[in-house]
Amino acid sequence: MKKKNILFAHHSPSENTKKLSKLVKNKIETATLDVKLTTLDLIDVNTSSFKEIDGLIIGTTENFGYMSGLTKDFFDRCYDVLKDKTEGLPIIYYVRAGLDGEGCKIALNKILIGLRWRQVLPPLILKGSWQEEDYLKQLEKFVLTFASGIELGIY
Ligand SMILES: Cc1cc2nc3c(=O)[nH]c(=O)nc-3n(C[C@H](O)[C@H](O)[C@H](O)COP(=O)(O)O)c2cc1C
C-alpha cells in the first residue's frame, strides 16, 4: 500500500503554542505509523504543498475572535485553487485560545464547508489558562487518532 502523506500546517506565535506544534510533529514522527508528515508554518504553505496530501492538520490561535491573521492569510492566498483540487480532503484542526475559541471555530468551519474538506474529528479547542499536561495529552490523542485513521485509509 502507498505510504500516506499528512501535512501539518500551523501558526505557533508563543512559547506555549510552540510546545503544541512540537508535540504534534514529534508524536506523529515517532509513532509506529506508516505515514510521512510534512510540517510547515502556515506562512510557508502554498497550493503546491497539497500535492499528494492524504490528510491535513491545522493548528492556529484565536485572535480578536477569529483565526490568527496568518491562518486567514493562508486561506486568502490558496482558497480558490484548493477549492477545485482538494475536495473531500480529511482535516482536523486545533485552536489555542486564551479565552474562548468559538469565533475561530465558526470562521474555520465555514471555510472548510466552502472547500468541501471533511472534518473527520470535532475540533480540539484548548481554551483558558494554560494547562500544559492536560493540553498535551489531549492533543497527542487527537492527532494520533487522526494519523492512524489516515494510515488505515478509514477516513
Ligand atoms: C492580539 C491578540 C488577540 C487575542 N484575541 C483573543 C480572542 O479573541 N479570543 C481568545 O480566546 N484569545 C485571544 N487571545 C489570546 C491568544 O489566543 C493566546 O495568547 C494564544 O493562543 C497563545 O496562547 P498562550 O498565550 O498560552 O501562549 C489573543 C491574543 C492576542 C495577542
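**Close-up views of a predicted model**

**View 1. The ligand shell by residue class.** The shell around the ligand consists of four nonpolar, eight polar and three charged residues; Ala, Val, Leu, Ile, Met, Phe, Trp, Tyr, Cys and Pro count as nonpolar, Asp, Glu, Lys and Arg as charged, and the others, Gly among them, as polar. This is a predicted model: local features need pLDDT of at least 70 and side-chain atom pairs count only at pLDDT 80 or more, while totals for chains, interfaces and linings use all residues. Residue numbers start from 1 along each chain as its sequence is written.

**View 2. Residues around the ligand.** The ligand is surrounded by 15 residues, the closest being Ser14, Asn16, Ala97, Gly98 and Leu99 (near: C-beta atom, placed from the backbone, within 6 Å). Two or more residues each come from α1 (15-30), β3 (55-63) and β5 (90-97). Strand β3 gives the most, three residues. Helices (H or I, at least four residues) and strands (E, at least two) are DSSP runs, numbered from the N terminus.

**View 3. Helices α2 and α3.** The axes of α2 (residues 69-85) and α3 (residues 102-115) come within 10 Å and cross at roughly 30° (lines fitted to C-alpha atoms over the stretch in contact; angles from 0 to 180 degrees between N-to-C directions). Helix α2 is therefore roughly parallel to α3 (angles under 35 degrees). Phe75, Tyr79, Leu82 and Lys83 of α2 meet Ile111, Gly114 and Leu115 of α3 (C-beta atoms, placed from the backbone, within 7 Å).

**View 4. Strands β1 and β2.** Strands β1 (residues 4-10) and β2 (residues 35-41) pair in the parallel sense over seven bridges (pairing: at least two DSSP bridges). Phe8 has Thr39 in β2 as its bridge partner.

Note on methods:
Parallel < 35°, antiparallel > 145°, perpendicular 65-115°, else oblique. Contact = placed C-beta atoms within 7 Å.
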